[in-house]
Amino acid sequence: MDGPQRAPKADPQNELAARLRLLQELSGLGVRALARDTALSSSSLSRYLSGQTVPPWPAVIALCRLVKRDPRPLRPLWERASNPLPAPPKSSRQGRPRPRNDLPRDVPDFTGREAQLTTVLAAVDSHRVVAIDGMAGVGKTCLAMHAAHRLAADHPDAQLYVDLHGFTEGREPLDPDSALRMLLGALDVPSEKVPREGVEQLAACWRSELADRRVVVVIDNAADADQVRPLLPGAGTSVALITSRNRLIGLDEVPPVSLDVLSPQESAELLARASGDPSGPEGRLGRDPEAAAEVLRLCGHLPLALRLAAARLRHRPGWTVGILVERMAEGASEFDTAFAMSVRQLDRSQARLFRLLGLLPGGSFDAYLAAALADVPLHSARAMLEDLVDAHLVQESTAGRYRLHDLVHQHARRAGAEQDSPAERERALGRFLDYYVHAAAAADAAMPFLSPGRPASAGQTPAALPNFADKNAAFAWLVAEYENLVAAFETAAAVGADAHVCELPRFLRAYFARRCGTTHLNVLFERSLAAAERLGDPLQLADAHSDLGFARYNAGRMTEAAAAYEAAQPRLSQAGDSASEAELAMRRGYLKWDEGHVEEPLELFKQAGKLYEQAGCPAGEAQAAASEAWAMLQLGHREEAAQRAREVLGMPHTDPAWPPALTARITLGVAIAHEEPDEAAEHLRQALALAREDGHLHNEAWCLNCLGVALRRMGRYEEALASHREAFALLDELFEEHWKVRFLNGYAETCRLAGLPDEALRLHRQALELAPVLGYGHEAALAHEGIATVLDETDPAAAAEHRAAAQAVPVPVPVTRESATP
């Protein structure tokens with residue numbers, strides 16, 4: 001007998017049209033009014049809504065934005081319906097060999113809880129979210145983790161874990177904004193796609209990402225419903241398991257599972273399994289059942305306390321259960337009983353490290369940090385951590401990374417306050433801050449960036465720092481340590497360690513460019529500037545102004561960037577630091593070009609090269625030379641630009657992703673596109689490969705746009721259009737208007753020469769709309785000139801008006817419509 005017949009798949013074009021008609025219904029507008037409000041022609045819109053024609057992607061975005069809906073879920077459907085070119089490359093997100101798995105390991109001695117586990121899994125099946133609540137140490141996280149590992153096979157796209165620190169002593173609970181940014185980062189969502197501000201916008205982005213993935217996320221230690229609500233998944237099959245000491249009664253739609261202590265039978269079973277004691281009368285527990293029952297009572301039948309007690313038996317084969325009871329009886333509560341008894345078994349150095357770990361702000365850590373915190377050799381820190389893991393005082397969440405349960409952290413913090421002098425604790429906290437500044441500096445040095453900065457100078461360099469073999473290792477460390485780096489910054493600000501507040505954000509710039517976006521970095525640099533003002537150090541203050549200006553520039557806040565650079569320049573000249581002066585000159589050059597200046601950027605890049613030479617910084621000198629070549633190209637000096645770019649490529653270097661090579665290859669490829677098309681195409685494709693391998697999506701879009709310009713110069717218009725479209729498909733996916741304005745005019749010129757004047761006009765007008773808002777006077781002038789060129793034959797009067805407007809800003813000729821600022 002034949003099996004059930006599958007319904008035929010809906011035609012993507014008709015399905016897309018149906019989705020667009022739903023958007024029209026939401027707007028409440030007729031076709032003509034809808035066309036007016038979205039700047040589309042009514043005839044074209046009618047064809048889109050009826051399914052006769054597949055709309056261009058910008059039209060889909062315009063319709064979605066009109067009704068305040070996220071267009072990204074429609075992107076796969078649009079690609080299937082139109083398929084005008086291969087889908088945008090995903091190489092930057094395909095670099096990981098396997099999906100992200102942040103789950104701490106499942107405990108090997110998980111015991112009991114069969115009914116609760118069944119309830120949790122049933123709640124996940126019915127609601128996709130469950131909240132597990134109960135008192136401290138009752139095993140909420142263990143149950144959630146055990147269930148998450150069970151669910152992992154059905155949710156292969158990612159297994160995520162976030163600790164909200166709702167009950168971590170000495171630390172504020174993690175706010176939803178930070179938690180969402182961490183989770184989106186864990187999904188490898190590019191920073192450009194992440195909203196710059198607003199918890200609601202971040203939550204919508206998070207839900208949108210989960211909608212098309214099968215993800216399981218454990219949200220641990222929630223303080224209340226408000227903290228966790230924005231983190232819940234929306235549509236789709238992803239699931240969330242929440243733990244909290246409080247019942248989250250504000251989450252009406254989330255089924256709760258409340259945990260009580262273990263039953264006497266389950267407690268006895270866990271104690272036996274965790275201690276490695278044979279079951280039955282032949283084991284130590286069986287030989288003295290009354291003492292075993294007293295252990296269970298003293299532990300309050302709490303899994304955490306039972307494991308601590310069991311660890312003592314496992315590592316003391318000569319002990320009887322009666323001896324264990326005697327040692328435990330001195331405690332005042334089930335928590336302190338178990339903790340104090342466990343700590344008493346440590347030697348002096350182990351106990352000291354345990355107390356110092358209580359100073360940490362929570363989150364996971366590695367042996368390098370432990371060594372710095374305790375001021376001991378790395379091998380000693382590793383050995384002590386292994387002993388603390390064996391004692392169940394420290395958890396090894398993943399290989400080489402450790403964490404403390406909130407109750408253990410609280411006990412360690414309290415013990416340190418009682419037993420260590422304030423001076424010793426202050427010195428340890430200083431070593432903690434020193435470690436993160438210097439480790440971040442080492443990671444930053446391994447990441448490709450425009451020019452190398454000064455090494456860290458705050459505090460003392462730790463004896464042992466992680467060894468970053470390459471940028472991938474550095475980036476992985478920054479991802480793993482991001483929460484701690486932010487916590488270190490906040491701690492430094494709280495204790496008045498202004499030198500650390502000044503320096504730490506500087507070493508996170510390359511990481512933020514690839515993962516965290518610009519909003520948070522602007523905030524960090526604002527506080528860094530305030531710290532520099534308190535310090536009164538001229539060089540620190542000058543660097544802080546320069547860094548804040550660069551953060552403003554990357555956020556598209558051009559006027560504020562210019563003001564910050566103006567404040568930095570006289571201070572740097574007075575300080576006499578050539579490398580910092582060179583960096584500022586480079587930054588001012590980029591800004592001046594975007595503002596519409598022509599000759600000044602080239603002079604600034606040349607000035608930067610001389611300053612880098614004085615500072616003995618060959619990498620910075622090479623980047624300045626590459627930028628010189630790029631500026632020459634924009635001014636129409638193609639031969640000089642090509643020669644300068646070849647000089648840069650001839651400079652010796654060991655890094656295949658050397659940043660100056662990217663700029664030089666792009667410049668050379670565009671400069672020689674007409675005369676030597678094969679060599680030009682090869683340089684541009686190598687640049688594109690470098691950008692993709694580096695994972696910098698802005699640079700990837702830049703390379704694609706410049707490849708389109710070069711292909712246009714070769715007369716290969718269809719390929720040029722495809723490359724431009726690929727760049728804009730990437731930018732549409734990232735919602736990156738700030739960068740889009742740099743590419744619109746070049747794309748429009750290609751459309752004009754390819755015989756698409758209407759499309760060229762549309763793109764130039766889009767550039768003209770965006771450029772003044774973002775402060776890009778240069779691009780506004782290019783847009784006016786481009787519109788004039790298109791209108792010359794059809795509307796000479798309008799063309800003359802636009803050409804006159806273009807003359808208000810000096811525009812380089814003849815490459816005005818080939819600009820794509822790096």
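**Before you start**

You are looking at a predicted model, where local features need pLDDT of at least 70, side-chain atom pairs count only at pLDDT 80 or more, and totals for chains, interfaces and linings use all residues. Residues are numbered from 1 along each chain as its sequence is written, and side-chain values use heavy atoms, with hydrogens and water left out.

**Stop 1: the whole chain**

Show the chain as a cartoon: it has 39 helices and seven strands. Helices (H or I, at least four residues) and strands (E, at least two) are DSSP runs, numbered from the N terminus. Of the 822 residues, 57% are buried, where buried means under 20% relative accessible area, exposed over 50%, and partly exposed in between (1.4 Å probe, protein chains only). Among contacts with a separation of 6 or more, 70% join residues 24 or more positions apart; contact means heavy atoms within 4.5 Å.

**Stop 2: colour by confidence**

Now colour by pLDDT, the predictor's confidence in each residue, from 0 to 100. The chain's mean is 81, and 88% of its residues reach 70 or more. Select residues 334–344 to see helix α16, where confidence is lowest at a mean of 60, then residues 367–374 for helix α18, where it is highest at 95. Next, select residues 1–10: the pLDDT is below 50 there, and the stretch has one contact beyond near neighbours in sequence. Residues 83–97 are also below 50, but this stretch has 26 such contacts in the model. Where pLDDT is low, the predicted coordinates should not be read in detail.

**Stop 3: Ala371**

Go back to α18 and pick Ala371, which is found in this helix. Is Ala371 buried or exposed? Ala371 counts as buried because its relative accessibility is 5%. Leaving aside neighbours within four places in sequence, Ala371 touches Val376, Pro377, Leu378 and Ala381. Select Leu465 too: 94 residues separate it from Ala371 in sequence, but the two C-alpha atoms are 9.6 Å apart in space.

**Stop 4: helix α8**

Select residues 176–186. This is α8, and eight of its 11 residues are buried, so the helix is largely enclosed by the rest of the structure. The buried residues include Pro176, Leu180, Arg181 and Leu184. What covers them? Show β2 (158–163), α9 (199–211), β3 (215–220) and α10 (225–228), which are among the covering elements.

**Stop 5: α27 against α28**

Two packed helices are described by the angle between their axes and the distance between the axes. Axes are lines fitted to C-alpha atoms, for helices over the stretch in contact, and angles run from 0 to 180 degrees between N-to-C directions. Select α27 (558–575) and α28 (578–595): they pack at about 150°, with axes 10 Å apart. That makes α27 roughly antiparallel to α28 (angles under 35 degrees count as roughly parallel, over 145 as roughly antiparallel, 65 to 115 as roughly perpendicular and the rest as oblique).
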